Amino acid sequence: MAMTQAKQMLAKYLEAETAVLEGRSVTFGGRTLTMADLNQIREGRKEWERRVAAEAAAAQGGRTGYALATFV
């Protein structure tokens with residue numbers, strides 16, 4: 001199975017998060033990130049995890065992760 005852009009980006013964010021947690025700096029998207037940027041890395045990772053999950057759901061004909069309800 002080919003890696004989608006969302007899966008590739010998620011892998012990069014996981015790599016960056018691991019590097020920062022190990023005390024290293026990492027260059028990502030032309031920026032050098034250090035421990036101070038861990039929250040930014042985690043927010044980016046969460047976004048790409050949501051996109052990967054949405055792709056997986058769409059591929060299975062499932063829902064996109066949200067539902068609407070009508071209350072009467």
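This is a predicted model: local features need pLDDT of at least 70, side-chain atom pairs count only at pLDDT 80 or more; totals for chains, interfaces and linings use all residues.

Me: Why is R45 called buried?
Reply: R45 has a relative accessibility of 14%. The label needs a value under 20%, so R45 counts as buried. This residue lies in helix α2, which covers residues 38-59.

Me: What makes the pair of E17 and R45 a polar contact?
Reply: Their side chains come to 2.4 Å. The limit for such a pair of N or O atoms is 3.5 Å, so the side chains of E17 and R45 make a polar contact.

Me: Which other residues do these two touch, leaving aside those up to four places away in sequence?
Reply: R45 touches L10, Y13 and L14 as well as E17. E17, for its part, is in contact with L38, I41 and R42 besides R45.

Me: How do you know that the span of α1 agrees with what it should be?
Reply: Helix α1 has 17 residues, and at 1.5 Å a residue it should span 24 Å. The expected span takes one less than the number of residues. The end C-alpha atoms of α1 are 24 Å apart, so the two values agree.

Me: Which residues of α1 are buried, and what covers them?
Reply: The buried ones are A6, M9, L10, Y13, A16, E17, A19 and V20. Their cover includes β1 (26-28), β2 (31-33) and α2. Just after α1, G23 takes a positive phi of about 90°.

Me: What makes the charged end of R51 count as sitting over the ring of W48?
Reply: The charged end of R51 is 4.3 Å from the centre of the W48 ring. The distance limit is 6 Å, and the charge must also lie within 35 degrees of the ring normal. R51 is listed as sitting over that ring, so both conditions hold.

Me: How many aromatic pairs are there?
Reply: The count comes to zero.

Me: Finally, in what order do the elements run from the N terminus on?
Reply: The order is α-β-β-α, with two helices and two strands in the protein.

Key: Residues are numbered from 1 along each chain as its sequence is written. Side-chain values use heavy atoms; hydrogens and water are left out. Helices (H or I, at least four residues) and strands (E, at least two) are DSSP runs, numbered from the N terminus. Buried means under 20% relative accessible area, exposed over 50%, partly exposed in between (1.4 Å probe, protein chains only). Contact means heavy atoms within 4.5 Å. A polar contact is a pair of N or O atoms within 3.5 Å; within protein, one must be able to donate a hydrogen and the other to accept it, and residues adjacent in sequence count only if both atoms are side-chain atoms. Rings of Phe, Tyr and Trp (its six-membered ring) pair if their centres lie within 6.5 Å; planes under 30 degrees apart count as stacked, over 60 as edge-to-face and the rest as tilted.
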